[in-house]
Amino acid sequence: IVVEAGSGRVVVHIDRPWAVARLDALPEDAFIAAAAPWFEGAPRFLGRLAAARPFGVGLRNYEYAYDLYDSSNGEFAHNRAVHSTFLQALSETGYLGLVFFAFVVVWTIRVLSRFRRRAGDERASPEERQFFLTFANGMIASMIAFIVGGTFLSLALNDLTWFTVAT
């Protein structure tokens with residue numbers, strides 16, 4: 001698969017004839033048509049959910065509660081996932097849970113930044129300074145990857161994330 005971007009269009013070259021035939025059968029705006037209901041409906045849906053349940057629907061209960069607040073009556077799917085860590089925190093734990101979740105993420109990065117500054121402490125041995133720098137850089141990179149990945153995936157209850165925070 002080769003992707004070319006230019007002149008405002010994305011062109012995908014695929015070397016498998018069966019895949020090309022399958023893609024050719026789709027209308028040009030198929031992706032936009034598939035994504036539009038989410039972009040149009042998600043803010044209204046999450047607004048209704050947050051207004052009706054300001055303390056959320058409970059951990060791991062978003063998929064079950066989806067149909068209760070879906071105004072399309074299942075036109076696009078039933079029991080859908082939220083596909084965003086921060087929206088997952090809002091819908092499952094409410095406003096207070098979202099604020100706490102964001103606080104934990106920001107606080108963890110702040111603590112790791114202070115840990116990284118200890119690498120410049122002249123009182124520490126060279127091995128300790130190298131450890132502080134390497135550990136903090138790795139953990140900060142992990143948290144940034146979590147934030148970026150969490151924009152598109154429901155990772156609020158991912159064990160690895162909470163191990164990172166606990167470390």
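Helices here are DSSP runs of H or I with at least four residues, strands are runs of E with at least two, and both are numbered from the N terminus. You are looking at a predicted model, in which local features need pLDDT of at least 70, side-chain atom pairs count only at pLDDT 80 or more, and totals for chains, interfaces and linings use all residues. Residues are numbered from 1 along each chain as its sequence is written, and side-chain values use heavy atoms, with hydrogens and water left out.

**Whole chain.** Start with a cartoon view: the protein has six helices and two strands, in the order β-β-α-α-α-α-α-α from the N terminus. Of its 167 residues, 27% count as buried (under 20% relative accessible area; exposed is over 50% and partly exposed lies in between, with a 1.4 Å probe and protein chains only). Among contacts (heavy atoms within 4.5 Å) with a separation of 6 or more, 50% join residues 24 or more positions apart.

**Stop 1: S84.** Select S84, in the loop between α3 (62-69) and α4 (85-117). Is S84 buried or exposed? With a relative accessible area of 9%, S84 is buried. Leaving aside residues up to four places away in sequence, S84 touches G150, T151, L153 and S154.

**Stop 2: α4.** Now select α4, and look at T93, where the helix bends by about 135° (the angle between axes fitted to the seven residues ending there and the seven starting there). The end C-alpha atoms of this 33-residue helix are only 29 Å apart, short of the 48 Å that a straight helix would reach at 1.5 Å a residue (the expected span is 1.5 Å times one less than the number of residues).

**Stop 3: a nonpolar patch.** Show F100, F103, W107 and V111 as a surface: they make a nonpolar patch of about 400 Å². Areas come from the Shrake-Rupley method with a 1.4 Å probe, and for residues only the protein chains shown count as cover. F103, in helix α4, is partly exposed at 48%.

**Stop 4: α5.** Finally, select residues 126-150: the 25 residues of α5 should span 36 Å, and the end C-alpha atoms are 36 Å apart, which agrees. Color F132, A136, M139, I140, M143, F146 and G150, which are buried in α5. Their cover includes α4 and α6 (159-166).

Methods. Patches are made of residues with over 30% relative accessible area and no salt bridge: like charges are joined within 9 Å, nonpolar side chains (Val, Leu, Ile, Met, Phe, Trp, Tyr) within 5 Å. A salt bridge is a side-chain nitrogen of Lys or Arg within 4 Å of a carboxyl oxygen of Asp or Glu.
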